[in-house]
Every structure is written in structure tokens, then in C-alpha cells.
Amino acid sequence: MQMSCLSKAVCLAHLYKASQCSTVLYFHTSCKAARQQLHAKCGFRYGGVMAYPPFSITLAGEPDMVCISNGITPFSITARVHDMAGNVVTAGVSTDSEQPLIATVNVTGIPNLPVGVPTPALPGHTQGAADITGIINITDIVLVAYPWVYNLSVTLTGFPQVPAAWKMVQVQNCTTGQVQQNAAICSTCPAATFPLNESCDACPAGATCFGGSHFIPSSQSWHSHPYSTNIVQCPNAKPCQGDRTTLLNCTESAGFCNMTAGMDTSQSESYMVRQCSPGHYGPLCSLCQTYDLPPGHSKYGRTGTLDCKPCRSAVAIVLAYIASTLLVVSWLLYTVHVTLNEICEDAEEGERPARVSELLKAVTLWLQYTSLLAGVNIPAPATLHWVFSAVNFAFSTVTSSSLSTDCLLSRPLNAALQRILIHLSVPVLVLAAMVLIQVVWWAITLSKVSLSSATWTQTMIPVPQTLRTWHGNIVELQRRLLVTLLSVLFFYYPSLLTTILSLFACHRIDPSSPTGTYPQFARATWAWGYWLPDMSIRCFVGWHLRLSLGLGVPLLLLGCVLIPALPCLLLLRHRRQLQSTAIKVRLDFIFCSYRSRFWSWESVILTQTLGLAAAQVFATALDAFFQLTIMLVILMISLILLAHYRPFEEKAAQITQQIAEA
């Protein structure tokens, strides 16, 4: 038997009244009379099903959470209200005008909150209403608080007897790229600034800042740590042109790059390597990826000042070196041959003939200076670089600007040390080959002279008609060997100088006592700098100290003192007898091109070459244009001295020398 709507209402109202309305049942009904009776008796709203009054609040999700106090990032809390039987109380949200349950959020700090910090605040939304299913979503909650642990309480408005629900919130420190204002709000730094501590600092010189913590070195620049603010301009710009978009992704996306690898790492996925152009790594991107390469990666070798190029095939490199060596030996043999011929002609009385050796010397000097200028990283047209490469290929100790010996050798020794030993050994081997050729040719010529009374004047190397005795033959051999020695030394002198001076060439990267913002991130702080041939090596410590003292100092005395002074030393004792036939036969090739008062000018030319080589090696730390300016100043001074003193005896030789230097 069904009860009428009014009968239900009266029945329930009496029931609730008898129980003092303390354990009432919520009951939603479309019967308006029943709602009025129940509301009049007990003051309760109705639910969609029968339920007890609110008893507890349950929060969804984990009991604790983490947030950052930046004043703008919201979070939400979801709650449900249950009765004592565990049913969800819906609070009568339906098609009528009944009000839903309202939940409110408050924040309190836990004990031991530091003294003086701001009171935590909730400037965003703090209330939420239940929907038809009884779920209460409190959205857009914003917590502004000092980094600490706080408790958020969720209470039910109008039901003080219902216990609050609690959620623990850990307010974290500001993330990298943010600073804390008023000890509470984390704000992101704008563009052209960056933060790594507690303030937004101006973007470091040489870097590009995108706001937040993201700053990267500009193209052609480098730094020794992802957060180092000491941005260094690379001495050679080409190796420091890694993809800047990829580098920015390294700073923005966690795990995109290895951000902790050291500056010497060759790992392709590290931030430090991605600063560099392909094939380069290490300090100032100066090292070549030659050894320990992952599969599919090309091998690179050192081909110039802090520069690397892909390796060619071993066969091509060997053939190129053979061709270069044959070309050099042929050029030197011809130079020696012409010089010896002219010595014999000068020793004879008569008019002095035109000297081909002066032209050869001027051409060689031009090639040497071009080779030195090729070591400067100037942004020149491709055609000019082709000329530099061709000159280096034909007239350098090793064809370093076109092909690299790194590509041929394994790694028993440091790659830079291997290159230095090769550069030092090549002139010695060429000299030994030239001496052997001269001795063999002298012996063959001597045997022919002894077997025949005829004078061989049309041989490749002339034999003076006056040489008939064993003593005369020995003097002839000494003269040949001296001409050969000085020709090889003069030819290889720039290459030897750059190799010897490079033993002491060091470059400072970061200040030894870093100052400014965030000095703790600087990694390349060695006070004596880093060795230019291999910038993973600290200068004047460990094996580099032993190398520079044991090998470098003796070679420095040889290359910078003895060789420039050698022409002067050979002539000094005989300077008053330079016109005698005996001196002309032995030493005429050293001084015959110059006027008598400038008999030592050959030492001046060698000293000038020494200055150019020193500028090329030690001025690498400067901008390429400053380095080039220093070398041009040296050439200009030399040209002024040449034009002022006019040391050459022949006008044609004077003009040729000026053209070569100009």
C-alpha cells in the first residue's frame, strides 16, 4: 500500500522530531509538502537518496603534495563528504533550488617555522561546492608561502561538528631560472636576464639569455660549464659553432643532454660537446674527435690552429706526403745546385753574373711568410684559403693545413706530442737525405775525375777545375755540406720555429681567481693556462713541465739564438777578408747578395722570420685581426728597413726582396 506524499512527510517528520534531529536521514523527494514538513521540523536539506547527516570528509589523491610558491600556478583539491554509514552525501543538488555542500580550504604552518618569514596566504580560490554526485572540487588554489611544510585544512561550511580533512603541502625552493621575492613568491626572470641564485642578473657578455635560467654562449663563444658566466671568445671561431637550438634544448629539457660531464669529455650527447662544431670537443672546442669514436662517427684530425677536418683515406694521405717530400727535396736540390754554381762563378775573376739564387731565396721567403700567415684564422675568401693550403702542402714541414698525421697514427702517445715529434723529425730526415745525395754525388764525381784527366764541367754539380788534391776535394765536400745545411735550415726555419715555440704556447681560459657572478662554476681556471697543441693539458705541470724543460729549452736556444746568429757567426771572423778568393769559395753564398757593410743581413732576415713565427704562435689568444696586425707591423718595419738601407748589391735583388715582403 502506497502512502501519500503528505503521509510520508508527516511520518518522517515525527520520526526526526522524536530523535531530536540528531540522526536524521536525508531524503530527496519531489513531494513539495514532504520537503516543507521535514525542513520545518529539522532544518535539513534533502539528498537524492536516503543518507545520514555529514560525518567525515575524504580527500582524493595522496595525503601530501609538492608545489612552488610563484603566486600564479594553481592546484586543486577534490573532496567527498560521507555519512556515518559511508555513503556520499549529495546535499540535495537537483532540479530544485536546494543549496549544495560548501568546502573551505585554510592553511597553517607546522611547528618550527622560521621566525620572520611571511604568513602563508591563499590568494586564489578557497571554496568549492559539491556537484550532483557529491564531489567537491576546489580549483585554482594558489599558495604563497616561504619554502616549508604546511598543512591545508578542508572544512565543511555550516557543519562545525564534521572534522576537517588535512593535506600536507611541501613548498619547494624556487627552480633554476626563478628568484624569490618577499621570501615567498618565486618569479621567473625576464628575457636578457638570468638567475642562478637569488636575483635576476644581467645576461653575461657573449651569451644569449631567453628568460628564466636559460642562457647559452653565442656562436663562436664557449664556456667551461653549463652555468659558468665567463663566456670566452674562441681563438678560432669555426670550431665553436655548434647548433645553438640543440644547446638551448639542453638547458630547457631535463635529460636532453648530459649536463654534468666535464669540459674534456668527448661524449656526443653532453652539453660541452654540443657547444662545438662536428668533430671538435674539449676546451674552446680545440680537440679533434680522432680516437674512441662511437659507431658511425667520422674521424677528424688536427689540420691547423685549433682546427680539425675529416680524415681522408690513409692511401691518399701517404701519397700526398710522398709527393710533398719529393717536391721539397727537388726544390732544395735545385737551390743547392744553383748556389754552388754561382759560388764557382763568383770565385773566378770577371764580371759578376746575374744570380738566380737571389730569386729563389726571395720566392722561398714569400712562401715562408705566406705559410705563417696561413696559420692566422682570418675570414678570407675560399680562393685565398686555397692558396694558403697549396703553399702549406708544398713547403711546410708536414702538410698540416690540408692533411693530418693524426689520421694515420694510433694512440701510443699524446696526439699533440706525436705531431711535434713528426714536425721536428721531418727536417732532420730531409737533411740526412740531402747530405747522403751530396756525398754520393761528390764521391761519383771524384771517382770520374780520378779516372780521367778531362774536366767535367757539364755535370749536375760542377767541380772546380782547381780542385786536384785530396785536401781540395775535402774542402769541396765541406762547402757542399755547408750549403746544404744552410739551405735546409733556411727552408724549414719557420716550421721549426712554430713547432719549438708551440712547446711553450699556453692560453688562459677562465680567470685563476674567478670573480663576478657565480665564479664557482668556472672550470678552466689553471693559472698558467692550457697547452695550445692540446688544451686538455695544463701548462708547466706534470709531463708538460718535463717536456718544456727537457726538450723545449734546448730547442729554444737552437731555434731562437743559434740559427739566427749562425750566418753572422760564420762570417764574423772573416769579415775583413770577405773579398778574398778563399773566403768566397767557402762562404760567398751567405753574403754575396749584399753590400759589403751589410754582410750580416742574412741574420736580420732570420730574426724577422723569428718575430713573425712568435706572433703567429703566441698571439693566438688575441683576436685574429690583432694577430694579423702584429704580423703586418713586423713586415712593415722590415720593409721600411729594407727600403731605407738598401742592403742588396743588385737593384733587381732589392726590388725582388721588397716585392716578396710587400
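Q: How many salt bridges does a search of the whole structure find?
A: The search finds three salt bridges. The model is a predicted one, in which local features need pLDDT of at least 70 and side-chain atom pairs count only at pLDDT 80 or more, while totals for chains, interfaces and linings use all residues. Residues are numbered from 1 along each chain as its sequence is written, and side-chain values use heavy atoms, with hydrogens and water left out.

Q: What makes the pair Asp 307 and Lys 238 a salt bridge?
A: The term requires a side-chain nitrogen of Lys or Arg within 4 Å of a carboxyl oxygen of Asp or Glu. The N to O distance for Asp 307 and Lys 238 is 3.2 Å, so the pair meets the definition. Asp 307 lies in strand E20 (residues 307-310) and Lys 238 in the loop between strand E16 (232-233) and helix H3 (244-252), so the contact ties together parts that are 69 residues apart in sequence. Helices (H or I, at least four residues) and strands (E, at least two) are DSSP runs, numbered from the N terminus.

Q: Why is Asp 307 called buried, and why is Lys 238 called partly exposed?
A: Buried means under 20% relative accessible area, exposed over 50%, and partly exposed in between (1.4 Å probe, protein chains only). Asp 307 has 9% and is therefore buried, whereas Lys 238, at 45%, counts as partly exposed.

Q: What makes Glu 602 and Lys 361 a salt bridge, and which parts of the chain does the pair tie together?
A: The closest N and O atoms of Glu 602 and Lys 361 are 3.3 Å apart, and the pair forms a salt bridge. Glu 602 lies in helix H12 and Lys 361 in helix H6 (residues 356-374), so parts 241 residues apart in sequence are tied together. Glu 602 counts as buried because its relative accessibility is 7%.

Q: How do you know that Asp 406 and Arg 419 form a salt bridge?
A: Their side chains meet at 2.7 Å, N to O. Asp 406 lies in the loop between helix H7 (382-395) and helix H8 (415-451), and Arg 419 in helix H8, so the parts joined are 13 residues apart in sequence. Asp 406, with 2% relative accessible area, is buried; Arg 419, with 13%, is buried as well.

Q: Why are helices H10 and H12 described as roughly antiparallel?
A: The axes of H10 (residues 543-572) and H12 (residues 601-618) come within 7 Å and cross at roughly 160 degrees. Angles under 35 degrees count as roughly parallel, over 145 as roughly antiparallel, 65 to 115 as roughly perpendicular and the rest as oblique. H10 and H12 are therefore roughly antiparallel. Residues that meet across this pair include Cys 560 and Ile 563 in H10 and Glu 602 and Leu 606 in H12.

Q: Where does Phe 540 lie, and why is Phe 540 called partly exposed?
A: Phe 540 lies in the loop between strand E22 (530-531) and H10. Its relative accessible area is 29%, so Phe 540 is partly exposed. Phi of Phe 540 is near 55 degrees, a positive value in a residue other than glycine.

Terms used:
Axes fitted to C-alpha atoms, helices over the stretch in contact; angles between N-to-C directions. Contact = heavy atoms within 4.5 Å.
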